[in-house]
Amino acid sequence: MESGLGGRTVARTVTPALHRLTVLVVLMAVVAFVGVLLSTRAVNSLTEDLQPAAAANQDVLLDVTALEGAVANWARSADPAAIDEYDQLLARLPGDQRQVRAFAEGDSALTLLVTQQENAIDAWIEQYAQPRVEAPGGPETFQARRYRVGQRLFGDVLQANQATAAAFGDRVRQASTDAAWRLRGTIAAVALLALIAWLVVSRSRSRLLSQVSEPLVELERVVHLMVKDPTLRARPDGPKELRSVIESLNALADAQARSLAVEAKIQASLRTLDTAKDDFVSNVSHELRTPLTTISGYLEVVAEEFDGVMSPRHERILEASRRNVARLKALIDDLLTLSKAETRHTELEAADLAPLVRDAVTDVRITAAGRGISVDFTMPEDRVPVLADRAMLGRAMLNILSNAVKFSLDGGKVEVDIVAAARHVVVRVRDHGIGIPASEVERLGTRFFRASNAVTNEIAGTGLGLRIVQTIVDKHAGEMRIDSEEGRGTTVSVRLPLLGDPDALEPSGRPAWQPEQPADEPADEQADDRDDDPDDDRGEQEPVEASVGEHPRN
C-alpha cells in the first residue's frame, strides 16, 4: 500500500488510467473502422465490378458460340429459324461487349485484350458468319475452303476470349487476396491494440488496487473488528476522500464510545430508579394491605353489631366505606401483580394450554351466571403444548375472561376458542358488550387508563389489567391483539408459539422430562408466590372480582 499519496484524490488516481484506456478504445475503433471500410471496398469491387464483368465476358463467349451454332444450323438445314436466332444473338452481343469494355477502361493491359477479342469476333462475323447466312443453305452448299476459313477465324475468337477470361480471373484472385489481407491486417491491428489495452488495464488495475482497493479492504476489516473491539481505530491511508471517511469514522467511533459510556451511566441510574420504584410500590402495597384488612374487619364488625339499628344514612356511609376499601385492596393487588410480572424472572415449562383456559372459564362462569351471561368454550380434542409459567399465564387468561364478562351486557354471551396452527396457537375471547371507543384504542396499555364509556357506566376497575396481561404475554414471546367496536363488543386474541413436540406432555399436563421433586420439597417453586398473590385471597366476593384483572378499557 502506497503511503505517499498525500492529498491525491480518487479522481486524480483513476482519471489517467481511464484516459489511457479511452484513447486505446478509440484507436481500436478507428483501426477497426478503417480496416472494415477498406475490406468492404475491396469486397464490393470484387462482387460489384470484377465478377459481373467476368460474367459479361463469359456471356460474350456464349453469344459467339450460339452464333456459330445458328450459322452451322443454317448451313446444314437452310432452316429460316436459324436466321432468326442468328439475328437475335447478333443484336444482343454488343450489349455484353460494352459491359466488358466499360470495366476495362483505365486498365491498358485488359483494354488491349478486350480490343483483340472484339476484333477477332468482328473478323469472324464479317468474313464468315454474315456472308454464310446471306448465302443459300443446305448440304449441297457446303464449301470446304469457306468452312476452314470460318473454323480458323472462330479459333481466333476462342483464343482471344481465353486470354481475356484469364486476365479477369487474375484480377478476381488478386482482389480476393487483397480483401483477405486487409481483413487479416485489421484483425491483427485490433488484436495488437487489445493486447496493449490489456497491458495498460493490468498495470492500471495493480495501481488502483494498491492506492484505492487495498485501503478500502483494510477499512472494511477494521470496521468489522470495531464491532467486537470498540477501542480499535482505522489508520488514515489511501486517497483524500478515503482518508476523510476514515477520519470521520474514527470521530464517530469516539463519539459513540462517549455516548455508550453516558448511556451505561444512564441505564445504571434507570435500573437503580426502577429498582427503587419497584421496592417502593411493593413496600407501600404490603404496608397498606395490613391496615386495609384491619379496616375491612372493623367495618364488618360494625355491620354485624349495628345490623338493623343504623339509619339509612349511616348504612350508605358504611357501604361506601366497604366499597372503597375493596377498591383500594383491588388496586394494591393489581400493583403487586404488575410489579411481580415485570420484575420476576419467568421460568417456562412445557404445559397444555387448553386446561389453563378451561380453568379460567370455570372460574368466571360463577360470576357470569349471576348476570345471566353464558360463557361458551369447547375443549380442544388435541393437546395444545406451549412453554409457559402456569401461574402467570393462567392469571392473564383469567383477567381477559373476567373483563369480557364484566363489560358484557346482562344476558349476553362470551365466546372462547382455541385455534392451533403449524407454529402458533391463538386464544380468542369475544364478548358482545359495550366495546371501546375507536379514538381511545391507541391509549390501551397505559397504566391507570380507563375507557371513557367504562367510567360513564361506573364500571369498577383500576386501569392496570391490560398492562398486566401484556407484560405476561410478552414474557411468553407472544402477541396480543384487540379488535373492538363501541356498542358491539370486543375481541381479545392472544397468540403464543407452540411447543415443537406435543408428546413432551404427559396426560396430566406435566412435562415428561421434568424430574420428580423430592418428597420434602414443594412440588411447585411458585407455591410461595401464589400464597402472597392477592388473587388467592377470596374471603370477600367483591375484592375477588376486582383483583382478577381489568378489561383493556381499564
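Here are some numbered notes on the structure above.

1. A word on ground rules. This is a predicted model, so to speak of local features a pLDDT of at least 70 is needed, side-chain atom pairs count only at pLDDT 80 or more, and totals for chains, interfaces and linings use all residues. Residues are numbered from 1 along each chain as its sequence is written, and side-chain values use heavy atoms, with hydrogens and water left out.

2. The overall picture: the protein chain has 12 helices and 7 strands, taken as DSSP runs numbered from the N terminus (helices are H or I with at least four residues, strands E with at least two). Of its 554 residues, 36% count as buried, that is, under 20% relative accessible area, with exposed meaning over 50% and partly exposed in between (1.4 Å probe, protein chains only).

3. Now the largest nonpolar core, with 41 residues. A nonpolar core here is a set of buried Ala, Val, Leu, Ile, Met, Phe, Trp, Tyr and Cys residues joined through side-chain atoms within 4.5 Å. Leu 353, Val 357, Val 375, Met 397, Val 414, Val 416 and Ile 418 touch the most other members. Helix 8 (residues 390–406) gives the largest share, 9 residues. Apart from this core lies another one of 27 residues, including Val 60 and Val 100.

4. Val 414 deserves a look. Leaving aside neighbours within four places in sequence, Val 414 is in contact (heavy atoms within 4.5 Å) with residues including Ile 373, Val 375, Ala 404, Val 429 and Asp 431.

5. Next, a helix pair. The axes of helix 2 (residues 80–104) and helix 3 (residues 108–134) come within 10 Å and cross at roughly 170°. Axes are lines fitted to C-alpha atoms, for helices over the stretch in contact, and angles run from 0 to 180 degrees between N-to-C directions. Among the residues making the contact are Ile 83, Leu 90 and Val 100 of helix 2 and Leu 110, Ile 121 and Val 133 of helix 3.

6. Finally, Asn 250, found in helix 5 (residues 240–305). Asn 250 counts as buried because its relative accessibility is 11%. Leaving aside neighbours within four places in sequence, Asn 250 is in contact with Arg 233 and Ala 234. Pro 236 is 14 residues from Asn 250 in sequence and 9.4 Å away in space, C-alpha to C-alpha.
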